[in-house]
Amino acid sequence: MSDLPNSHSSFVKEAQPKHIAVIMDGNGRWGIEQKNSRIHGLKAGFETVKKVITASRKVELDSLTLFAFSTENWSRPQKEVDFIMKLLLKALEKESAKMMSNDIKLTVIGDKSRFSRVMQKKIQEVEELTQHCKGLNLNLAINYGGRWDILEAAKQLARDALENKIDIAGVEENDLNARMSLAEQAPVDLMIRTSGEYRISNFVLWQAAYAELYFSDLCWPEFSEQDFYAAIEWFSTRQRRFGLTGEQIVS
Ligand code: IPE
Ligand code: IPE
Ligand code: MG
């Protein structure tokens, strides 16, 4: 615990985010900057993933959602797509024991049907192994898109209406929410994106409707545990108004 930020003990629990979502961007560019390859950057990015998960446990975060591969990323060069899929599979194989011992519950969000059989099996296995864990909800978004997520929920709602399980006239936001990924977890409070890009790139569009957005110029492989704490500290200085006036919030 020695590398906790000095101010950690002074983090006000109420002002801390419950759910952080991260767009881990800039891996490929960082690899090239190092006069190496994009693949080198992706490998280095995995080291940052481990640091940020450890930090999330230390600050007792409820949920951490990491964008690992988007529905659009399939259009990258085949060699890179293959490498990312291999890296993810190896990570699941290597880290599952550590997840269990650190009380981390893994959930993969995204369309799993496009993964290899081996990958699908591995995901199911690790999700089952860790489903009783309560220390941290670790959500990995793979072949995930925010639009896909909303579309799937809408299709499920339509199916339920056709089967008379739900009356479409009375449908509320919550009915759609209940059919989305991460429905049982807190909404995203803080979204972090690295590498100096200022966009959401079809990540958790629904769940982050009221998230505070934090952008770092650092590429993901160089983003440190302290940088993660800095984002959380920044979050605690924000006044979240949810449509009200500042005066209403203060009183
Ligand atoms: C994000 O880093 C990780 C994945 C999409 C898998 P990038 O690979 O997008 O890195 P840059 O943005 O090209 O540098
Ligand atoms: C978003 O990054 C997806 C992941 C971090 C996995 P991208 O690098 O794919 O996003 P764009 O293309 O720059 O918007
Ligand atoms: Mg990128």
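Author: Happy to. One term to start with: helices here are DSSP runs of at least four residues, and strands are runs of at least two, numbered from the N terminus. Keep in mind that this is a predicted model.

Reader: Which helices and strands each supply at least two residues of the lining of the largest pocket?

Author: The helices are H1 (27–33), H2 (38–58) and H3 (78–101), and the strands are S2 (63–70), S3 (104–109) and S4 (136–144). H2 gives the most, with ten residues.

Reader: What is the volume of the largest pocket, and which residues are the closest to its centre?

Author: The volume is about 970 Å³. The lining has 43 residues, and Met24, Val49, Phe67, Ala68 and Trp220 are the closest to the centre.

Reader: What makes a residue count as lining?

Author: A lining residue has an atom within 4 Å of a point of the pocket. In the largest pocket, the lining divides into 21 nonpolar, ten polar and twelve charged residues.

Reader: Why is Ser56 called buried?

Author: Buried means under 20% relative accessible area. Ser56 has 0% relative accessibility, so Ser56 counts as buried. This serine lies in helix H2.

Reader: Which residues does Ser56 touch, not counting those up to four places away in sequence?

Author: Ser56 touches Leu61, Leu64, Leu136 and Phe228. Contact means heavy atoms within 4.5 Å.

Reader: What can you tell me about the second largest pocket?

Author: Its volume is about 360 Å³. Twenty residues line the second largest pocket, and Glu173, Asn177, Pro187, Trp206 and Gln207 lie nearest its centre. Helix H6 (residues 173–177) gives the most to that lining, with three residues. By class, the lining has eleven nonpolar, six polar and three charged residues.

Reader: How many cavities of 30 Å³ or more does a search of the whole structure find, and what makes a space a cavity rather than a pocket?

Author: The search finds one. In a cavity a 1.4 Å probe fits but cannot get out, whereas a pocket is an open set of points. The largest cavity has a volume of about 30 Å³.

Reader: Which residues line the largest cavity?

Author: The lining is made of Ile23, Met191, Ile192, Arg193, Arg199, Ile200, Leu213, Tyr214 and Phe215. Strands S5 (190–193) and S6 (212–215) are the elements that give two or more residues to this lining.

Reader: How do those residues divide by class?

Author: Seven are nonpolar, none polar and two charged. Arg counts as charged, and Arg193 and Arg199 are in the lining.

Terms used
Residues numbered from 1 in each chain as written. Chains lettered and ligands numbered in written order. Predicted model: local features only at pLDDT ≥ 70, side-chain atom pairs only at ≥ 80, totals over all residues. Heavy atoms only, no water. 1 Å grid on protein atoms, 1.4 Å probe; cavity = no way out; pocket = protein on both sides within 12 Å on 5 of 7 lines; lining within 4 Å. Points joined across faces, edges and corners; volume = space filled by probe spheres on them. Buried < 20%, exposed > 50% of the residue type's maximum accessible area, 1.4 Å probe, protein only.
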